[in-house]
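Dear colleague,

I am passing on the structure we spoke of, and below it I have set out what was found in it. Please read the notes with the coordinates open beside you.

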Amino acid sequence: MLRALVWDVDGTLAETEHDGHRVAFNQAFAEHGLPWHWDEVLYHDLLATTGGKERMWAWWRRIDPAAAAAPDAVARIASLHARKTAIYGGLVARGAVQLRPGVAQLLQAARADGLVLAIATTTVPDNVLALLQATLGPDTPGWFACIGAGDVVPHKKPAPDIYLWVLQRLGLPASDCLALEDSAPGSTAAVAAGLPTVVTRSRYTLHDTLPVSPLLRADLPDLSAVDLARLRAWHAA
Ligand code: XBP
Ligand code: MG
């Protein structure tokens, strides 16, 4: 029986990568005097590495492995990421990032129907709270029984860790949950944790190759035509 919806954030709730994260990374690089700029094509490529800090490490090691191995590198990445997070929070608070079609309706319908809501994401907790509060209202983080985010697990998506962390806190088996994801790393993580999964592709994941699994139940352009009955049918399939 379907008892919980476990939501990814970036790309699933909103086009955060396009409207928020990439913009914030580039502004942080400029403020730090770095000649780094991630255009859309490059950013699409860099999204193969999940986690903002991990993405910057992957980039730095690619373009300048010696500097990335220097003693001050960890502090520089931490400082860049802190600034990027602050810029992202400001963008979200100013309304630069909106929920994707169908998301608010599904969240509200699930709540009204007594389904448990949870989040399993790679982004930092502050970014999740900022997005929920700016788009749905100040109390909406409380709608979620569990928010799994950022560095609470050692291995980010496509590892299943964040989903397993959320399942443990919910006290539910994976088979009672449905994951909503937008990407290959995200859906790989969800099915590896045993969750039936619905994919709603985002701007950067249109051509992702999704995992081949009986748990992957739908591959959609967005959630605008999806209701709870549809989700229940996919879950039961
Ligand atoms: C999201 C991510 C995140 C964001 C940036 O992946 O990979 O790293 O791009 O967030 P998913 P932070 O949607 O699969 O969870 O900078 O806060 O890490
Ligand atoms: Mg995502």
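Helix 3 passes helix 5 in a right-handed crossing, and since this is a predicted model, the geometry that follows is computed from predicted coordinates. Helix 3 (residues 52-63) packs against helix 5 (residues 73-93) at an angle of about 130°, with the two axes 10 Å apart, and the helices are therefore oblique to each other. On the helix 3 side the contact is made by Gly-52, Lys-53, Met-56, Trp-57 and Trp-60, which meet Ala-73, Val-74, Arg-76, Ile-77, Leu-80 and His-81 of helix 5; the residues of this contact divide into 7 nonpolar, 2 polar and 2 charged.

Turning to the metal site, the magnesium ion (ligand 2) is coordinated at 2.1 Å by Asp-8 (OD), Asp-10 (O) and Asp-182 (OD), and these donors follow the spacing D-x1-D-x171-D along the chain.

A last point concerns Leu-220, which lies in strand 6 (residues 216-220) and counts as buried because its relative accessibility is 15%, the cut-off being under 20%. Leaving aside residues up to four places away in sequence, Leu-220 touches Val-198, Val-199, Thr-200, Arg-201, Val-226 and Trp-234, while Ser-202, 18 residues from Leu-220 in sequence, is 9.5 Å away from Leu-220 in space, C-alpha to C-alpha.

Conventions:
Residues numbered from 1 in each chain as written. Chains lettered and ligands numbered in written order. Predicted model: local features only at pLDDT ≥ 70, side-chain atom pairs only at ≥ 80, totals over all residues. Heavy atoms only, no water. Axes fitted to C-alpha atoms, helices over the stretch in contact; angles between N-to-C directions. Helix = DSSP H or I, 4+ residues; strand = E, 2+ residues; numbered from the N terminus. Parallel < 35°, antiparallel > 145°, perpendicular 65-115°, else oblique. Left-handed = near helix turned anticlockwise from the far one by under 90°. Contact = heavy atoms within 4.5 Å. Nonpolar A, V, L, I, M, F, W, Y, C, P; charged D, E, K, R; others polar. Donors = N, O, S within 2.8 Å, 3.2 Å for Na, K, Ca; no water. Buried < 20%, exposed > 50% of the residue type's maximum accessible area, 1.4 Å probe, protein only.
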